[in-house]
Amino acid sequence: MKENLKIDIVSDVVCPWCTIGYKRLEKAITEMGIQDQVEIEWQPFELNPNMSAEGQNLQEHLAEKYGSTPEQQNASHQHMIAAGEEVDFKFDYFDDMRIVNTFDAHVLLDYAKEFDKQTELKMGLTKAFFSERKDVSDRAVLKQILLEVGLNADEALAKLEDEKSRTDIKNAEEFWRQLGVTSVPTIVFNRKSAVTGAQPVDVFKQVLTELLKES
């Protein structure tokens with residue numbers, strides 16, 4: 001009995017390239033017809049662990065963090081929108097868009113793992129943020145997304161007040177940092193090899209083919 005190929009995706013909910021990277025990986029898996037040979041688990045990474053509860057205007061945030069001008073940001077957003085269209089994902093950037101704290105979202109993704117709903121919740125969160133102009137740090141929004149993917153919203157939201165659940169996420173983030181993960185997406189195969197960034201579909205196909213041959 002061959003073991004499934006374990007894929008850990010270290011990412012953040014508000015990371016656009018994480019969405020593109022996953023969608024390209026998903027496309028590679030689907031086109032190769034190997035859905036039943038891989039097992040995906042999402043791992044937490046906060047791009048902005050110190051982000052305040054009220055968040056920050058995205059334009060201000062990008063200028064502050066990366067020194068990017070409005071023109072550079074606009075070019076980057078257009079590039080992102082085009083990359084999204086290729087994998088059937090809509091990026092809707094707008095002037096008042098705010099970057100938010102994602103810690104609660106990561107706690108909920110860990111909860112969703114128990115019910116095999118992690119990828120559904122992850123996509124629900126990232127779609128809410130990038131396509132539907134929603135604040136994924138707002139608990140009412142989180143509740144709505146949990147219900148949409150068929151999870152027990154009250155039980156899930158209770159995890160946000162649970163010290164162990166919160167500590168588990170901090171420990172997991174530290175685990176991946178210690179392994180040298182400094183940028184996302186980082187996609188780890190069988191905890192042995194990794195690729196970073198949103199690689200093209202063909203690159204994912206090549207990596208998957210080699211790994212499945214080895215196993």
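Modeller: A crossing is left-handed if the near helix is turned anticlockwise from the far one by less than a right angle, and right-handed if clockwise. Helices (H or I, at least four residues) are DSSP runs, numbered from the N terminus. The model is predicted: local features need pLDDT of at least 70, side-chain atom pairs count only at pLDDT 80 or more, and totals for chains, interfaces and linings use all residues. Residues are numbered from 1 along each chain as its sequence is written, and side-chain values use heavy atoms, with hydrogens and water left out.

Colleague: Which hand does the crossing of helix 1 and helix 5 have?

Modeller: Axes are lines fitted to C-alpha atoms, for helices over the stretch in contact, and angles run from 0 to 180 degrees between N-to-C directions. Helix 1 (residues 16-32) and helix 5 (residues 118-130) have axes 11 Å apart, at an angle of about 135°. That makes helix 1 oblique to helix 5 (under 35 degrees is roughly parallel, over 145 roughly antiparallel, 65 to 115 roughly perpendicular, the rest oblique). The crossing of these two, helix 1 and helix 5, is left-handed.

Colleague: How many charged residues are in the contact of helix 1 with helix 5?

Modeller: Contact means heavy atoms within 4.5 Å. Helix 1 brings Pro16, Thr19, Tyr22 and Lys23, and helix 5 brings Thr119, Met123, Thr126 and Phe130. Ala, Val, Leu, Ile, Met, Phe, Trp, Tyr, Cys and Pro count as nonpolar, Asp, Glu, Lys and Arg as charged, and the others, Gly among them, as polar. In the contact of helix 1 with helix 5, four residues are nonpolar, three polar and the charged ones number one.

Colleague: Are helix 1 and helix 3 roughly parallel or roughly antiparallel?

Modeller: Helix 3 spans residues 70-86, and its axis comes within 10 Å of that of helix 1. The two axes cross at roughly 25°. Helix 1 and helix 3 are therefore roughly parallel.

Colleague: Which residues of helix 3 meet helix 1?

Modeller: The crossing of helix 1 and helix 3 is left-handed. On the helix 1 side, the residues are Pro16, Trp17, Ile20 and Arg24. Those of helix 3 are His79, Met80, Ala83, Gly84 and Glu86.

Colleague: Is Ile20 buried or exposed?

Modeller: Ile20 is found in helix 1. Leaving aside neighbours within four places in sequence, Ile20 is in contact with Met80, Ala83, Gly84, Val87, Phe91 and Ala198. Buried means under 20% relative accessible area, exposed over 50%, partly exposed in between (1.4 Å probe, protein chains only). Ile20 has a relative accessible area of 0%, so this residue is buried.

Colleague: Which hand does the disulfide of Cys15 and Cys18 have?

Modeller: A disulfide is a pair of cysteine sulfur atoms within 2.5 Å, and a search of the whole structure finds one. The sulfur atoms of Cys15 and Cys18 are 2.4 Å apart. Cys15 counts as buried at 4% relative accessibility, and Cys18 counts as buried at 2%. The torsion about the S-S bond of Cys15 and Cys18 is about 85°, so the disulfide is right-handed.

Colleague: Which hand does the crossing of helix 1 and helix 9 have?

Modeller: Helix 9 covers residues 201-214, and its axis lies 8 Å from that of helix 1, at an angle of about 55°. Helix 1 and helix 9 are therefore oblique to each other. The crossing of helix 1 and helix 9 is right-handed.
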